[in-house]
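User: Hi, could you walk me through this structure? I'd like to go from the overall picture down to the charged pairs.

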Amino acid sequence: MTDIVLKDADPILFDRIRRVADARGWDLPHALQYLLEQGLHVYEGDGSVRFDNTEADALAAMIKALEQVPDDPGYASIGRVRSAAD
């Protein structure tokens, strides 16, 4: 595997990369590789963002919980636009 070396990086950019690595428990080379791959997907027009398993599981759990919210006239109408007939 090719080594990735980031020379003369802006300190703010380096800090952001380090925070991603720390949050996910990755070492810096792994974080750089992941961020480069994801950035290339977006830049090349793929635009898809891939969740890791824990993120996908958390999102699925949130969606399932939101689907259980009862349809009431208050909470359930948040973000909905009323038609002119209402």
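Predicted model: local features only at pLDDT ≥ 70, side-chain atom pairs only at ≥ 80, totals over all residues.

User: Great. How many helices and strands are there in the protein chain?

Analyst: Three helices and zero strands, giving the pattern α-α-α along the sequence. Helices (H or I, at least four residues) and strands (E, at least two) are DSSP runs, numbered from the N terminus.

User: And what share of the residues counts as buried?

Analyst: Of the 86 residues, 7% count as buried. Buried means under 20% relative accessible area, exposed over 50%, and partly exposed in between (1.4 Å probe, protein chains only).

User: What is the accessible surface of the protein chain?

Analyst: About 7600 Å², of which 58% belongs to carbon and sulfur atoms. Areas come from the Shrake-Rupley method with a 1.4 Å probe; for residues, only the protein chains shown count as cover.

User: Let's zoom in on α1. What caps its N-terminal end?

Analyst: D10 does, with a side-chain oxygen 2.6 Å from the backbone nitrogen of I12. Past the helix comes G25, whose phi is positive, near 75°.

User: What span should α1 have, and what does the model give?

Analyst: The 14 residues of α1 should span 20 Å at 1.5 Å a residue, and the end C-alpha atoms are 20 Å apart, which agrees. The expected span is 1.5 Å times one less than the number of residues.

User: Now the charges. How many salt bridges does the count come to?

Analyst: Five. The rule is a side-chain nitrogen of Lys or Arg within 4 Å of a carboxyl oxygen of Asp or Glu.

User: Which residues are linked in a network of salt bridges?

Analyst: D15, R18, R19 and D22. One of the pairs is R18 with D22, at 3.1 Å from N to O.

User: Why can those two meet?

Analyst: R18 and D22 are four residues apart in helix α1 (residues 11-24), so about one helical turn separates them. An α-helix has 3.6 residues a turn, so residues three or four places apart point the same way. R18 is partly exposed at 32% relative accessibility, while D22 is exposed at 51%.

User: What about R24, which residue does its side chain meet at 3.1 Å?

Analyst: That is D52, in a salt bridge of 3.1 Å, N to O. D52 lies in the loop between α2 and α3 and R24 in helix α1, so the pair ties together parts that are 28 residues apart in sequence. R24 also forms a salt bridge with E55, with the closest N and O atoms 2.9 Å apart. This second pair links R24 in helix α1 to E55 in helix α3, 31 residues apart.

User: Switching topic, which residues make the nonpolar surface patch?

Analyst: F51, L59, M62 and I63 make a patch of about 380 Å². Patches take residues with over 30% relative accessible area and no salt bridge, joining like charges within 9 Å and nonpolar side chains (Val, Leu, Ile, Met, Phe, Trp, Tyr) within 5 Å.

User: Where is F51 found?

Analyst: In the loop between α2 (28-43) and α3 (53-67). F51 is partly exposed, with a relative accessible area of 49%.

How values were computed
Residues numbered from 1 in each chain as written. Heavy atoms only, no water. Polar contact = N/O pair within 3.5 Å; in protein donor to acceptor, adjacent residues only side chain to side chain.
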